[in-house]
Every structure is written in C-alpha cells, then in structure tokens.
Amino acid sequence: MQQARTVNVRFLFVFVACILVLGTLVHLAHSAQVKRIPVALMKQAESAREQNKPERALDFLSRYLVFDPSDVDARTTLATLLDETARNPRSKARALLAFERILREDPSQEKIRRRIVNLAIECGRTSDAIVHLDELLKQTPDDGDLLLLAGKCHESSGKYAEAIGSYERSIQNA
C-alpha cells in the first residue's frame, strides 16, 4: 500500500509569500528605473550638446523622446540639431519634417515657420514654402524679406505674375 502524500501547508504559504514579495520588489525597482531613464537621457543630451557633439546629442534626444514624445522643447532642440547637422538634402528634409511636426502642434511659432520656409526652399519644395510664406505674410504683410522669398518661390514654380507682384511689394517695403 502506498502512503497518501500530504502537502506541507507551511512551506507552501512561505513559498507563495516569498514569490509575492519578490514580484512586488521587482515591480517597484522597475518603476523607479523607468522614471530615472528619461531624466538621465536628457542630461546626457545636454552634456553632449555642451561638448559640441551634436550626433551624440541627437541620439540621446531621440531616445528621450521615446519616453516623452509630448515634450515640445526637446523636439524643438532635436529639430534644431537635425538642421545644424544636415549635410545633404535627405537630412535637410528630415529636419524639415521635424520642424513641421512641432508647427502642427503649435502653429503660432513664427521663428520655426521661418526656418521651415528656408529649409523647404533648400529642399526644392517651393510649394510647401509658399504655404508657410502665406501664413507669415498674414501676420506681417509688409515684410520685405518674406515678400522676396515669396517672389523667388513663385518664380521657380512658374507663377510669374505672382512673382512680379511679390517682387514689387518687396521693393516697396525694403
């Protein structure tokens, strides 16, 4: 005859309690680390930027934005760094897209819109530049520099009558 096995209730209780405590500790440690990582990434990005290492700063900022994609200041810094390090049309287009994303969320940023105009012209996207120039000219219709840029964009788009109008207004407001 076989003897019936009995469960060691005390051992089972201690084992389950240890597993629960260990699981809770792991969860708390993970939560603390997840909160510290973005702060560390931002500090490293700032440090790399101060040391004039824009590629490293870009890497850290990109990682930081995975944790906090709503941080407009960090995205503006990232777009500015992309713009500063752009060496070819593809990287300029990447900077342009980064600036446009910021502008979609806050259309009132005139400085960013002006930079988008210049980048769009450099990338050969004059139709995009004209859209942004029109917005800027609504705010400052007598800005000679903007009118000159609008004239150049219209001219390169083959809209010569509009280009002439922009050039004439630019001369009047120079």
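Me: A salt bridge is a side-chain nitrogen of Lys or Arg within 4 Å of a carboxyl oxygen of Asp or Glu. What makes Asp 59 and Arg 63 such a pair?

Reply: The closest N and O atoms of Asp 59 and Arg 63 are 3.3 Å apart, and the limit is 4 Å, so the pair qualifies. This is a predicted model, in which local features need pLDDT of at least 70 and side-chain atom pairs count only at pLDDT 80 or more, while totals for chains, interfaces and linings use all residues. Residues are numbered from 1 along each chain as its sequence is written, and side-chain values use heavy atoms, with hydrogens and water left out.

Me: How are Asp 59 and Arg 63 placed in helix H2?

Reply: They are 4 residues apart in helix H2 (residues 54–67), and therefore separated by about one helical turn. Helices are DSSP runs of H or I with at least four residues, strands (E) with at least two, numbered from the N terminus.

Me: Which parts does the salt bridge of Lys 92 and Glu 122 tie together?

Reply: The side chains of Lys 92 and Glu 122 meet at 3.1 Å, N to O. Lys 92 lies in helix H4 (residues 89–105) and Glu 122 in helix H5 (residues 110–122), so the parts joined are 30 residues apart in sequence.

Me: How many disulfides does the structure hold, and why is Cys 153 in none?

Reply: A disulfide is a pair of cysteine sulfur atoms within 2.5 Å. By this rule the count is 0. The closest cysteine sulfur to that of Cys 153 belongs to Cys 123 and lies 12 Å away, which is too far for a bond. Cys 153 is buried, with a relative accessible area of 1%, whereas Cys 123 is partly exposed at 23%.

Me: How do you know that the length of helix H8 agrees with its number of residues?

Reply: The expected span is 1.5 Å times one less than the number of residues. For the 13 residues of H8 (residues 160–172) this gives 18 Å, and the end C-alpha atoms are 18 Å apart, so the values agree.

Me: Which residues of H8 are buried, and what puts them on the same side?

Reply: Ala 163, Ser 166 and Ser 170 are buried in H8. They share a side of H8 because they cover an arc of only 65 degrees around the axis, taken from the directions from the helix axis to the C-beta atoms. The face turned away from this buried side carries the exposed residues Ala 161, Ile 171 and Gln 172.

Conventions. Buried means under 20% relative accessible area, exposed over 50%, partly exposed in between (1.4 Å probe, protein chains only).
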